[in-house]
Amino acid sequence: MKTLFAVGLLLACSAPVLAEETDRRDFAGGILTISENSDGEKVLAFDGRQLAAGYFLVFEQEAMVEEQAVLLYAAGDGGNACGPASVIVWKPTDKPVEAVSIGEDCGAPSPAVSSERIVYLPYVLPGSSEPVETWSPSAGLVLAGRLDFAPEPGTGWADLENKPVGHPMDYFSNAAFYKQAQALLGEDLGVVAQALSVSSEPEADGGLQIARGCVPHACTVSDGFVAVDVKARAMWFAQMRGSSFAHWPKLAEWPKPVRAAFDAAFAE
(Lines give C-alpha, C1' and ligand atoms only; values in the text may rest on other atoms or scores of the structure.)
Protein backbone atom coordinates (compact mmCIF):
# COMPACT_ATOMS: atom_id res chain seq x y z
CA MET A 1 0.00 0.00 0.00
CA LYS A 2 2.86 2.35 0.90
CA THR A 3 4.60 1.46 -2.38
CA LEU A 4 1.47 2.27 -4.43
CA PHE A 5 1.06 5.59 -2.60
CA ALA A 6 4.71 6.48 -3.23
CA VAL A 7 4.42 5.67 -6.94
CA GLY A 8 1.22 7.73 -7.22
CA LEU A 9 2.87 10.66 -5.45
CA LEU A 10 5.88 10.44 -7.79
CA LEU A 11 3.65 10.43 -10.86
CA ALA A 12 1.67 13.40 -9.55
CA CYS A 13 4.83 15.39 -8.88
CA SER A 14 6.43 14.56 -12.22
CA ALA A 15 3.33 15.15 -14.37
CA PRO A 16 3.64 18.21 -16.64
CA VAL A 17 1.70 21.32 -15.72
CA LEU A 18 -0.99 21.71 -18.36
CA ALA A 19 -1.55 25.15 -19.86
CA GLU A 20 -4.82 26.84 -19.02
CA GLU A 21 -6.87 27.62 -22.12
CA THR A 22 -8.39 31.10 -22.04
CA ASP A 23 -9.81 31.38 -25.58
CA ARG A 24 -10.78 28.87 -28.26
CA ARG A 25 -12.32 29.40 -31.70
CA ASP A 26 -12.75 27.55 -35.00
CA PHE A 27 -10.77 28.93 -37.93
CA ALA A 28 -9.79 27.67 -41.39
CA GLY A 29 -10.58 24.04 -40.60
CA GLY A 30 -8.63 24.06 -37.33
CA ILE A 31 -8.64 25.51 -33.82
CA LEU A 32 -7.08 28.74 -32.62
CA THR A 33 -6.39 28.80 -28.91
CA ILE A 34 -4.95 31.15 -26.32
CA SER A 35 -3.40 29.22 -23.44
CA GLU A 36 -1.70 30.46 -20.31
CA ASN A 37 1.32 28.53 -19.06
CA SER A 38 2.63 28.18 -15.50
CA ASP A 39 4.77 31.31 -15.93
CA GLY A 40 1.73 33.42 -16.74
CA GLU A 41 2.67 33.88 -20.40
CA LYS A 42 -0.11 33.49 -22.94
CA VAL A 43 0.42 31.64 -26.22
CA LEU A 44 -1.64 31.92 -29.39
CA ALA A 45 -1.56 28.64 -31.34
CA PHE A 46 -3.26 27.06 -34.34
CA ASP A 47 -3.79 23.32 -33.83
CA GLY A 48 -0.98 23.43 -31.29
CA ARG A 49 1.49 25.38 -33.46
CA GLN A 50 2.57 28.64 -31.80
CA LEU A 51 1.81 31.84 -33.70
CA ALA A 52 2.40 34.53 -31.06
CA ALA A 53 3.06 34.93 -27.34
CA GLY A 54 3.02 37.57 -24.63
CA TYR A 55 2.02 38.15 -21.03
CA PHE A 56 -0.95 40.06 -22.45
CA LEU A 57 -2.76 38.39 -25.37
CA VAL A 58 -6.43 38.76 -26.29
CA PHE A 59 -8.72 38.28 -29.28
CA GLU A 60 -9.99 41.60 -30.67
CA GLN A 61 -12.10 41.05 -33.77
CA GLU A 62 -12.83 39.06 -36.91
CA ALA A 63 -13.09 40.83 -40.25
CA MET A 64 -13.34 40.16 -43.98
CA VAL A 65 -10.47 41.72 -45.93
CA GLU A 66 -10.40 41.12 -49.69
CA GLU A 67 -13.19 38.60 -49.05
CA GLN A 68 -10.91 36.59 -46.79
CA ALA A 69 -11.48 35.90 -43.10
CA VAL A 70 -8.94 37.61 -40.86
CA LEU A 71 -8.63 37.47 -37.08
CA LEU A 72 -7.03 40.28 -35.07
CA TYR A 73 -5.34 39.79 -31.71
CA ALA A 74 -3.38 42.08 -29.39
CA ALA A 75 -0.20 40.73 -27.80
CA GLY A 76 2.58 42.18 -25.67
CA ASP A 77 4.56 41.97 -22.46
CA GLY A 78 3.01 45.02 -20.84
CA GLY A 79 4.86 47.77 -19.05
CA ASN A 80 4.06 51.36 -18.16
CA ALA A 81 2.35 53.02 -21.13
CA CYS A 82 3.38 50.16 -23.42
CA GLY A 83 0.46 49.06 -25.53
CA PRO A 84 0.39 45.62 -27.20
CA ALA A 85 1.34 44.80 -30.76
CA SER A 86 -1.35 43.93 -33.30
CA VAL A 87 -1.33 40.32 -34.52
CA ILE A 88 -3.06 39.45 -37.81
CA VAL A 89 -3.98 35.79 -38.41
CA TRP A 90 -5.14 34.52 -41.80
CA LYS A 91 -5.05 31.48 -44.08
CA PRO A 92 -3.27 32.05 -47.42
CA THR A 93 -4.37 29.90 -50.33
CA ASP A 94 -2.57 26.53 -50.37
CA LYS A 95 -0.47 27.52 -47.33
CA PRO A 96 -0.71 26.99 -43.56
CA VAL A 97 -2.33 29.55 -41.30
CA GLU A 98 0.05 32.50 -40.82
CA ALA A 99 0.42 35.36 -38.36
CA VAL A 100 2.16 38.72 -38.64
CA SER A 101 2.80 41.16 -35.77
CA ILE A 102 2.73 44.93 -36.26
CA GLY A 103 4.41 46.95 -33.54
CA GLU A 104 7.66 46.74 -31.63
CA ASP A 105 8.53 46.98 -27.94
CA CYS A 106 5.75 49.38 -26.99
CA GLY A 107 2.90 48.42 -29.21
CA ALA A 108 1.33 49.54 -32.44
CA PRO A 109 -1.46 51.82 -33.56
CA SER A 110 -4.94 50.38 -33.39
CA PRO A 111 -6.01 48.73 -36.65
CA ALA A 112 -8.51 50.55 -38.87
CA VAL A 113 -10.23 47.79 -40.84
CA SER A 114 -11.89 48.13 -44.23
CA SER A 115 -13.00 45.56 -46.80
CA GLU A 116 -9.80 46.15 -48.81
CA ARG A 117 -7.05 46.61 -46.22
CA ILE A 118 -6.11 47.20 -42.60
CA VAL A 119 -4.47 50.56 -41.92
CA TYR A 120 -2.16 51.28 -38.98
CA LEU A 121 -2.10 55.03 -38.39
CA PRO A 122 0.49 55.87 -35.71
CA TYR A 123 0.39 58.36 -32.88
CA VAL A 124 3.26 60.74 -33.66
CA LEU A 125 5.21 62.38 -30.84
CA PRO A 126 6.49 65.98 -31.15
CA GLY A 127 9.66 66.16 -33.20
CA SER A 128 9.07 62.68 -34.63
CA SER A 129 8.11 60.98 -37.86
CA GLU A 130 6.39 57.57 -37.94
CA PRO A 131 5.55 55.07 -40.70
CA VAL A 132 1.99 54.48 -41.88
CA GLU A 133 1.56 50.79 -42.74
CA THR A 134 -1.22 48.87 -44.44
CA TRP A 135 -1.88 45.14 -44.66
CA SER A 136 -3.95 43.01 -47.02
CA PRO A 137 -3.89 39.27 -47.86
CA SER A 138 -2.66 39.96 -51.40
CA ALA A 139 0.01 42.58 -50.65
CA GLY A 140 1.03 41.75 -47.08
CA LEU A 141 2.46 44.52 -44.93
CA VAL A 142 3.22 47.66 -46.99
CA LEU A 143 4.74 51.02 -46.06
CA ALA A 144 2.18 53.54 -47.26
CA GLY A 145 4.00 56.70 -46.18
CA ARG A 146 5.15 58.65 -43.14
CA LEU A 147 3.49 61.09 -40.76
CA ASP A 148 5.31 64.08 -39.28
CA PHE A 149 4.16 65.76 -36.10
CA ALA A 150 2.59 69.20 -36.53
CA PRO A 151 0.97 71.51 -33.94
CA GLU A 152 -2.53 72.92 -34.29
CA PRO A 153 -2.28 75.78 -36.83
CA GLY A 154 -3.01 79.27 -35.57
CA THR A 155 -2.78 78.46 -31.85
CA GLY A 156 -0.84 80.79 -29.56
CA TRP A 157 0.04 81.53 -25.95
CA ALA A 158 -3.37 83.11 -25.39
CA ASP A 159 -4.94 79.70 -25.97
CA LEU A 160 -2.81 78.24 -23.17
CA GLU A 161 -3.97 81.04 -20.88
CA ASN A 162 -7.63 80.43 -21.67
CA LYS A 163 -7.52 76.62 -21.48
CA PRO A 164 -5.01 74.85 -19.21
CA VAL A 165 -3.59 71.65 -20.67
CA GLY A 166 -4.50 68.23 -19.28
CA HIS A 167 -1.16 66.60 -20.12
CA PRO A 168 2.34 68.03 -20.79
CA MET A 169 2.28 66.64 -24.33
CA ASP A 170 -0.60 69.02 -25.04
CA TYR A 171 1.78 71.98 -24.83
CA PHE A 172 3.47 70.84 -28.03
CA SER A 173 0.15 70.92 -29.91
CA ASN A 174 0.17 74.70 -29.48
CA ALA A 175 1.90 76.28 -32.49
CA ALA A 176 3.51 79.16 -30.57
CA PHE A 177 4.77 76.87 -27.81
CA TYR A 178 6.06 74.34 -30.33
CA LYS A 179 7.99 76.95 -32.30
CA GLN A 180 9.63 78.24 -29.14
CA ALA A 181 10.38 74.70 -27.93
CA GLN A 182 12.01 73.90 -31.28
CA ALA A 183 14.29 76.92 -30.94
CA LEU A 184 15.18 76.00 -27.36
CA LEU A 185 15.59 72.23 -27.67
CA GLY A 186 16.80 71.88 -31.26
CA GLU A 187 17.46 68.25 -32.21
CA ASP A 188 16.70 67.15 -28.63
CA LEU A 189 13.02 68.06 -28.94
CA GLY A 190 11.91 64.52 -29.80
CA VAL A 191 13.69 62.76 -26.92
CA VAL A 192 12.67 65.42 -24.40
CA ALA A 193 9.03 65.20 -25.49
CA GLN A 194 9.15 61.40 -25.22
CA ALA A 195 10.47 61.74 -21.67
CA LEU A 196 7.23 63.59 -20.82
CA SER A 197 4.86 61.19 -22.56
CA VAL A 198 4.06 59.19 -19.41
CA SER A 199 2.78 61.84 -17.05
CA SER A 200 -0.24 63.33 -15.34
CA GLU A 201 -1.84 66.77 -15.51
CA PRO A 202 0.64 69.60 -14.89
CA GLU A 203 0.44 71.06 -11.39
CA ALA A 204 0.16 74.76 -10.61
CA ASP A 205 3.03 76.20 -8.56
CA GLY A 206 2.48 79.92 -8.19
CA GLY A 207 2.58 81.29 -11.73
CA LEU A 208 4.24 78.11 -13.04
CA GLN A 209 2.81 74.94 -14.50
CA ILE A 210 5.01 71.97 -13.53
CA ALA A 211 5.11 68.39 -14.84
CA ARG A 212 7.44 65.42 -14.49
CA GLY A 213 7.23 62.48 -16.90
CA CYS A 214 9.09 59.47 -18.18
CA VAL A 215 9.73 57.36 -21.28
CA PRO A 216 7.28 54.45 -21.69
CA HIS A 217 8.70 51.23 -20.24
CA ALA A 218 11.68 53.15 -18.76
CA CYS A 219 10.48 55.28 -15.86
CA THR A 220 13.22 56.48 -13.47
CA VAL A 221 15.81 56.00 -16.25
CA SER A 222 15.48 59.09 -18.46
CA ASP A 223 12.67 61.06 -16.83
CA GLY A 224 11.76 64.52 -18.08
CA PHE A 225 10.68 67.80 -16.51
CA VAL A 226 8.94 70.87 -17.84
CA ALA A 227 7.99 74.18 -16.26
CA VAL A 228 5.88 76.70 -18.14
CA ASP A 229 5.10 80.31 -17.29
CA VAL A 230 2.24 81.08 -19.65
CA LYS A 231 2.03 84.79 -18.82
CA ALA A 232 5.78 85.28 -19.32
CA ARG A 233 5.76 83.11 -22.47
CA ALA A 234 8.63 81.09 -21.00
CA MET A 235 9.53 77.40 -20.66
CA TRP A 236 12.23 75.28 -19.03
CA PHE A 237 13.06 71.63 -19.71
CA ALA A 238 15.27 69.01 -18.08
CA GLN A 239 15.94 65.32 -18.72
CA MET A 240 17.92 62.60 -16.99
CA ARG A 241 21.10 61.70 -18.83
CA GLY A 242 22.74 58.89 -16.86
CA SER A 243 23.58 60.13 -13.37
CA SER A 244 23.03 63.80 -14.20
CA PHE A 245 20.54 66.07 -16.00
CA ALA A 246 20.57 68.07 -19.20
CA HIS A 247 18.83 71.46 -18.94
CA TRP A 248 17.30 73.84 -21.48
CA PRO A 249 18.21 76.67 -21.13
CA LYS A 250 21.36 76.19 -19.04
CA LEU A 251 20.64 75.66 -15.36
CA ALA A 252 22.44 78.89 -14.44
CA GLU A 253 19.73 80.77 -16.37
CA TRP A 254 16.82 79.20 -14.46
CA PRO A 255 14.91 81.50 -12.07
CA LYS A 256 14.91 80.43 -8.41
CA PRO A 257 11.21 79.37 -8.39
CA VAL A 258 11.77 77.10 -11.40
CA ARG A 259 14.91 75.61 -9.86
CA ALA A 260 13.04 74.99 -6.61
CA ALA A 261 10.18 73.26 -8.46
CA PHE A 262 12.70 71.09 -10.31
CA ASP A 263 14.48 70.12 -7.10
CA ALA A 264 11.14 69.26 -5.47
CA ALA A 265 10.05 67.14 -8.44
CA PHE A 266 13.16 64.97 -8.20
CA ALA A 267 13.63 64.97 -4.43
CA GLU A 268 14.42 61.49 -3.15
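**View 1. Strand β7, an enclosed strand.** Strand β7 covers residues 85-90, and six of its six residues are buried (under 20% relative accessible area, with a 1.4 Å probe and protein chains only), so the strand is largely enclosed by the rest of the structure. Strands here are DSSP runs of E with at least two residues, numbered from the N terminus. This is a predicted model, in which local features need pLDDT of at least 70 and side-chain atom pairs count only at pLDDT 80 or more, while totals for chains, interfaces and linings use all residues. Residues are numbered from 1 along each chain as its sequence is written, and side-chain values use heavy atoms, leaving out hydrogens and water.

**View 2. The two faces of β7.** In a regular strand, side chains alternate between the two faces of the sheet. Look for Ala85, Val87 and Val89 pointing one way from β7, with Ser86, Ile88 and Trp90 pointing the other way.

**View 3. The partners of β7.** Two strands pair if DSSP finds at least two bridges between them. Strand β6 (residues 68-76) pairs with β7 in the antiparallel sense over six bridges, and Tyr73 has Val87 as its bridge partner in β7. Strand β8 (residues 98-102) is also antiparallel to β7, with five bridges; here Ile88 meets its bridge partner Val100.

**View 4. An open sheet of four strands.** The order is β1-β2-β3-β4, with antiparallel pairing. At the edges are β1 (20-27) and β4 (49-54), each pairing on one side only.

**View 5. From β1 to β2.** Seven bridges join β1 to the antiparallel strand β2 (residues 30-36).

Notes
Buried < 20%, exposed > 50% of the residue type's maximum accessible area, 1.4 Å probe, protein only.
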